[in-house]
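I opened the model to look up a few residues, the ligand site and the nonpolar cores. My entries follow in the order in which I made them.

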Amino acid sequence: MKKINVAIDGPAAGGKTTVARLLATKLGLIYVDTGMMYRAVSWQALQDNCNLDDAESLGKLAEGLDLRLEADAGSGCRVYVSSKDLTDLLHEPEINVVVPKVAAVSLVRRDMVRRQRELADQGGIVMAGRDICTVVLPDARLKYYLDASLEERTRRRVKDLESSGHKVTFEEVKEQLAKRDYDDSHRSDSPLIQAPDAKYIDSDNLSALEIVEIMIQDYQQALSEV
Ligand code: C5P
């Protein structure tokens, strides 16, 4: 079967991971979570006590990082740095705070985009992030912008955090998501925007499965046109 790439962008906690993972499983594609790549760079920067205002050092750190992604049935995408499995450490609050700053550094982005394009080169990839449709894979056959209201995204994120043992309030999570979205959409390099040719999906009133069904229909249509 011919394999095509699917690109998904959207704000934090908009359901990209759940949808991309499910879609990849159903279609036998490989899910690549690019947010985890920026999180891994941020984790290493914190480990090394890196000055987060020093773009050049952050760029060097990103370039030298022994970063590996592996498809996984549970999380969908496991992340290793120097063979250490960081997957379960990368959603900690201190990473959430620094990641937009690290991800705004052009030297870091240049290296991550290079790695992402290499991963997508083989085809058959579902790649999710903020600039996948606009910058990383502008020629992807299927492109989506997965959105949801801030209230709904906050509800989902609170549920995830509570189930992993974190004590949080609705208001604090809402404020953090809004701040991260603001930073991601207002940076000068590759801000989060909807690509003009990406299909907009509002997930407020759609389940992950319903969204995946829309995407599978598009995928089958696209395959018949290749
Ligand atoms: O998707 P996730 O919320 O894990 O992404 C974490 C952060 O990584 C985002 O808030 C953003 O700052 C950065 N990111 C990015 N470009 C991507 C994916 C993520 O700048 N393609």
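**Entry 1: Gln116**

I looked up Gln116 and found a relative accessible area of 0%, so Gln116 is buried. For burial I use under 20% relative accessible area as buried, over 50% as exposed and the range in between as partly exposed, with a 1.4 Å probe and protein chains only. Gln116 sits in helix α5. Helices (H or I, at least four residues) and strands (E, at least two) are DSSP runs, numbered from the N terminus. Leaving out residues up to four places away in sequence, I listed Thr34, Met37, Tyr38, Met127, Ile132 and Val136 as touching Gln116. Contact here means heavy atoms within 4.5 Å.

I note the ground rules once. The model is predicted, so local features need pLDDT of at least 70 and side-chain atom pairs count only at pLDDT 80 or more, while totals for chains, interfaces and linings use all residues. Residues are numbered from 1 along each chain as its sequence is written, and side-chain values use heavy atoms, with hydrogens and water left out.

**Entry 2: nonpolar cores**

Which residues have the most contacts inside the largest nonpolar core? I found Val41, Leu67, Val108, Met112 and Met127, in a core of 37 residues. A nonpolar core is a set of buried Ala, Val, Leu, Ile, Met, Phe, Trp, Tyr and Cys residues joined through side-chain atoms within 4.5 Å. At least two residues of this core come from each of α2 (34-47), α3 (55-64), β4 (76-81), α4 (93-103), α5 (106-120), β6 (125-129) and α6 (132-136). Helix α2 gives the most, with 7 residues. I then checked Met112, which touches Met37, Tyr38, Val41, Ala62 and Leu67, not counting residues up to four places away in sequence. Apart from this core lies another, of 24 residues, with Ile4, Ile8, Ala24 and Met215 among them. In soluble globular proteins, nonpolar side chains tend to be buried together.

**Entry 3: ligand site**

I counted 15 residues around the ligand (a heavy atom within 4 Å). The closest are Arg39, Arg109, Arg180, Asp184 and Arg187. For polar contacts I took pairs of N or O atoms within 3.5 Å; within protein, one must be able to donate a hydrogen and the other to accept it, and residues adjacent in sequence count only if both atoms are side-chain atoms. An N or O atom in the side chain of Arg109 is 2.8 Å from an oxygen atom of the ligand. For Arg187, a side-chain N or O atom is also 2.8 Å from a ligand oxygen atom. Asp131 places a polar side-chain atom 2.8 Å from a nitrogen atom of the ligand. The ligand taken alone exposes 450 Å², of which the protein buries 96%. These areas come from the Shrake-Rupley method with a 1.4 Å probe; for residues, only the protein chains shown count as cover.

I went back to Arg109, which lies in helix α5. Its relative accessible area is 3%, so Arg109 is buried. Arg109 touches Tyr38, Ala103, Asp131, Arg187, Asp189 and Ser190, leaving aside residues up to four places away in sequence.

**Entry 4: positive phi**

Ser190 has phi near 50 degrees, a positive value in a residue other than glycine. I placed Ser190 in the loop between α8 and β8, and Ser190 is buried at 12%. Ala13, in the loop between β1 (6-9) and α1 (16-27), has phi near 60 degrees, again positive in a residue other than glycine.

Tyr145 is in strand β7 (residues 142-147) and Tyr200 in strand β8 (residues 199-202), 55 residues apart. Tyr145 is buried at 11% relative accessibility, whereas Tyr200 is partly exposed at 41%.

Gln194 is in the loop between α8 (170-186) and β8. Leaving aside neighbours within four places in sequence, Gln194 is in contact with Tyr145, Lys199 and Tyr200. The side chain of Gln194 reaches the backbone oxygen of Ala198 at 3.1 Å.
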